[in-house]
Amino acid sequence: MLPWLSSPMPHFPAVSSALDSPNGLLAAGGELTPNWLVEAYRRGIFPWFSDNDPILWWSPDPRMILLPEHFKQRRSLTKKLRNAGFEITVDQHFEQVIDACAAPRYDEPGTWITDDMVHAYCQLQAHGIAHSIEVHQHQRLVGGLYGIAMGPMFFGESMFSRVPDASKVALAHLASAMREHGGKLIDCQMHTPHLASLGATTVARAAFISYLEKWLPATDFSFSASPEKAPVVPPSPWLDAIGR
């Protein structure tokens, strides 16, 4: 039976107890407050559910990750980075980015980025935990991505493009900043051919959890009993280098 989470403070079962089918489904219930979300991510867990579902928490095995030094930047993308007139900003248009990521796509019937998810991640952004990388062209927002930064790790959530390769431009800037300034790993959650083409690979869940334990020790976090007060997470100095 799937565990139902209802304690006042976040508490998750061991990720090793997640289901094999559907792959990684761990628990239901809980909340989308900053405390719950930060505790989830630092343990290798993320929320993913539809409008008519309860909150569902996942920790798939294997896990798709991108090491910044393994990002594949092809010649065509390098030319666009130099010559296409893209401008990069960080956290200037977070809500616009998440709304664009939530918009219906031609190959998908709906979206998992529900109104509750949008509200939750906007809260995290207000507390300096969630971040967006925005790509502009001719003074128009044409692409970007968002996710959660904790220490040397970035937990990617979604990305979008309104012109060809705009999301790749955002990811290229993220990977470059992390590679040059101490970032270690970008969590991509689930395998997709698109991410694999950019250098992402899959690792066993146990290996992913070992990365978390190494780079995000519990002593670097502080949680409050108040659900409205944001937890303290380890800083990510590489954020300041994005877009330089």
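**Close-up 1. Gln189 in strand β10.** Let us start with Gln189, which lies in strand β10, residues 185-189; strands here are DSSP runs of E with at least two residues, helices are runs of H or I with at least four residues, and both are numbered from the N terminus. The model is predicted, so local features need pLDDT of at least 70 and side-chain atom pairs count only at pLDDT 80 or more, while totals for chains, interfaces and linings use all residues. Residues are numbered from 1 along each chain as its sequence is written, and side-chain values use heavy atoms, with hydrogens and water left out. Gln189 has a relative accessible area of 8% and is therefore buried (buried is under 20%, exposed over 50%, partly exposed in between, with a 1.4 Å probe and protein chains only). Its side chain makes a polar contact of 2.8 Å with the side chain of Glu157 (a pair of N or O atoms within 3.5 Å; within protein, one must be able to donate a hydrogen and the other to accept it, and residues adjacent in sequence count only if both atoms are side-chain atoms). Beyond neighbours within four places in sequence, the contacts of Gln189 include Tyr41, Phe46, Pro60 and Gly156 (contact means heavy atoms within 4.5 Å).

**Close-up 2. Pro68 in the loop between β5 and α2.** Pro68 sits between β5 (63-66) and α2 (75-83). Its relative accessibility is 0%, so Pro68 counts as buried. Not counting residues up to four places away in sequence, Pro68 touches Ala175, Met178, Arg179, Gly183, Lys184 and Leu185. Gly199 is 131 residues from Pro68 in sequence, yet their C-alpha atoms are 8.8 Å apart.

**Close-up 3. Helices α3 and α4.** Helix α3 (residues 94-102) packs on helix α4 (residues 115-126) at about 150°, with axes 10 Å apart (axes are lines fitted to C-alpha atoms, for helices over the stretch in contact, and angles run from 0 to 180 degrees between N-to-C directions). The two helices α3 and α4 are therefore roughly antiparallel (over 145 degrees; under 35 is roughly parallel, 65 to 115 roughly perpendicular and the rest oblique). Phe94, Glu95, Ile98 and Asp99 of α3 meet Met117, Val118, Tyr121, Cys122 and Gln125 of α4.

**Close-up 4. Helices α1 and α4.** Helix α1 (residues 34-42) packs with α4 at about 85°, their axes 10 Å apart. This makes α1 and α4 roughly perpendicular to each other. Pro34, Leu37, Val38 and Tyr41 of α1 make the contact with Ala120, Tyr121, Gln123 and Leu124 of α4.
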